[in-house]
Structure formats: C-alpha cells, structure tokens
Amino acid sequence: MIDLVEVTSLDALLADAGVSWETGSNFETLYQSIIADASRAALAGRIEKHLRDYFSAIQIPAEATLYDKLLLSLRPKDFIATFNWDPLLVQAYKRNRRLKELPCILFLHGNVDVGACVEHRRKGFLEHNCSDCGRLFEPTKLLYPVAQKNYASDPFIAQEWVAFRAALEYAY
C-alpha cells in the first residue's frame, strides 16, 4: 500500500480533491482520514471506482502463468484464500475450469471480477447471475478503513472469512 497511489495514478484524483499526498506514505492511512470525514464520502467513492477500474483493466497473458499452474496443481477439496483485488487469479480460473474441477477461491478483501448476491448468499463472476433470483452479481467492496477493518460489516466479506475459518479447521 506504500506505492499504491503512484502505481495506480491516484495522485491526480487526490490533487484535484485538494488532498496532499507524500510519496512513500501509506495509502491505508490516507484512506482512513478520507473515510473518517463525512464531507469526503464522494471522494472515497471516486477512489474506490478509480482502483476498481485500474485493477479491472489488468489482463492475464495468453501463455500459462503461475496462477494457472497453482490452480491446476490443487484438488477440488483445496482452497486458495487471497487478498488480491486484481482479476488475474479469476481469469486463470475461468480459462482452466473446463479442464478439471478446481479448488475453491476465497476473496478475503473482495475482487474486481467477483460479485455477490447478498440476499441469497451466492457469489460468482460479475458477468453471471444469482442462481436464485437471476439478478447480476453486485461488485464486492474493496476498501476498508485501516483503523477499523471490520470485515464483518460487509456480508460478502464476512461470509468469505467464515468459509476461510471452516476450510482451515477442516484442512487440519
């Protein structure tokens, strides 16, 4: 999170909003100060949209990657717990899912290519629909204030953490 602003070109958005940013500062601390100020709610929304757009644009190469090899090396009863927002693991999953049954992926911080139907407790790729209600999955939340990373406040993230704890318990 130290170079997130520079890497994702958030600096212009922050400058336009009158937010000073020091290179090498921690983005999570900055985001905490923005989210704590109710008058900057719109800015927080623009930041999340900017980050979602940035990470959504990342594409996996056509040749096999470490993500492909990881997915194909695991069994269906295995799981991957990831904090990554980028869609690379999801893209690898999509292109390999016809080859064999793949492990479950848990998105502990959300993901730009994964959505949820909170009402029916279903998750899937953003372009898919909930199997119960037929509505498109809603994007997952990406950013949480660092001082209060209350993942339980978001139903999707809370359920991913429940599944993660269960998977760890079962694995042992």
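What follows is a chat about a predicted model of one protein chain.

Q: Before we dig in, how many helices and strands does the protein chain have?
A: Keep in mind that this is a predicted model. The protein chain has 7 helices and 5 strands.

Q: And what pattern do they follow along the sequence?
A: Reading along the sequence, you get α-α-α-α-α-β-α-β-β-β-β-α. The radius of gyration is 17 Å, close to the 16 Å that the globule rule gives for 172 residues, so the chain is as compact as a globular protein of that length.

Q: What does the C-alpha trace span along its principal axes?
A: About 50 × 35 × 35 Å.

Q: OK, what share of the residues is buried?
A: Buried residues are 41% of the 172 in the protein chain.

Q: Let's go inside. Which residues have the most contacts in the largest nonpolar core?
A: Those are Leu71, Phe107, Phe156, Ile157 and Trp161, in a core of 22 residues. Helix 6 (88–96), strand 2 (104–107), strand 3 (114–117) and helix 7 each supply at least two residues of this core.

Q: What about contacts across the whole chain, how many join residues at least 24 apart?
A: Taking contacts between residues at least 6 apart in sequence, 60% of them join residues at least 24 apart.

Q: Switching to Leu14: where is it, and is it buried or exposed?
A: Leu14 is in helix 2. Its relative accessible area is 1%, under the 20% cut-off, so Leu14 counts as buried.

Q: Which residues does Leu14 touch?
A: Not counting residues up to four places away in sequence, Leu14 touches Val5, Val19, Trp21, Leu30, Ile34 and Ile47. Trp21 is also among the residues of that 20-residue core.

Q: New topic, backbone angles. What is the phi of Ser9?
A: Ser9 has a positive phi of about 60°, although it is not a glycine. Ser9 sits in the loop between helix 1 (4–7) and helix 2 (11–16). With a relative accessible area of 43%, Ser9 is partly exposed.

Q: What about Arg121, what's its phi?
A: Phi of Arg121 is near 55°, which is positive in a residue other than glycine. Arg121 is in the loop between strand 3 and strand 4 (122–125).

Q: Is Arg121 buried or exposed?
A: Arg121 is exposed: its relative accessible area is 62%.

Q: Last one, where's Gln148?
A: Gln148 lies in the loop between strand 5 (138–139) and helix 7 (155–171). Gln148 is exposed too, at a relative accessible area of 52%. From Leu99, Gln148 is 49 residues away in sequence and 41 Å away in space, C-alpha to C-alpha.

Conventions: Residues are numbered from 1 along each chain as its sequence is written. This is a predicted model: local features need pLDDT of at least 70, side-chain atom pairs count only at pLDDT 80 or more; totals for chains, interfaces and linings use all residues. Side-chain values use heavy atoms; hydrogens and water are left out. Helices (H or I, at least four residues) and strands (E, at least two) are DSSP runs, numbered from the N terminus. The radius of gyration is taken over C-alpha atoms; the globule rule is 2.2 Å times the number of residues to the power 0.38. Buried means under 20% relative accessible area, exposed over 50%, partly exposed in between (1.4 Å probe, protein chains only). Contact means heavy atoms within 4.5 Å. A nonpolar core is a set of buried Ala, Val, Leu, Ile, Met, Phe, Trp, Tyr and Cys residues joined through side-chain atoms within 4.5 Å.
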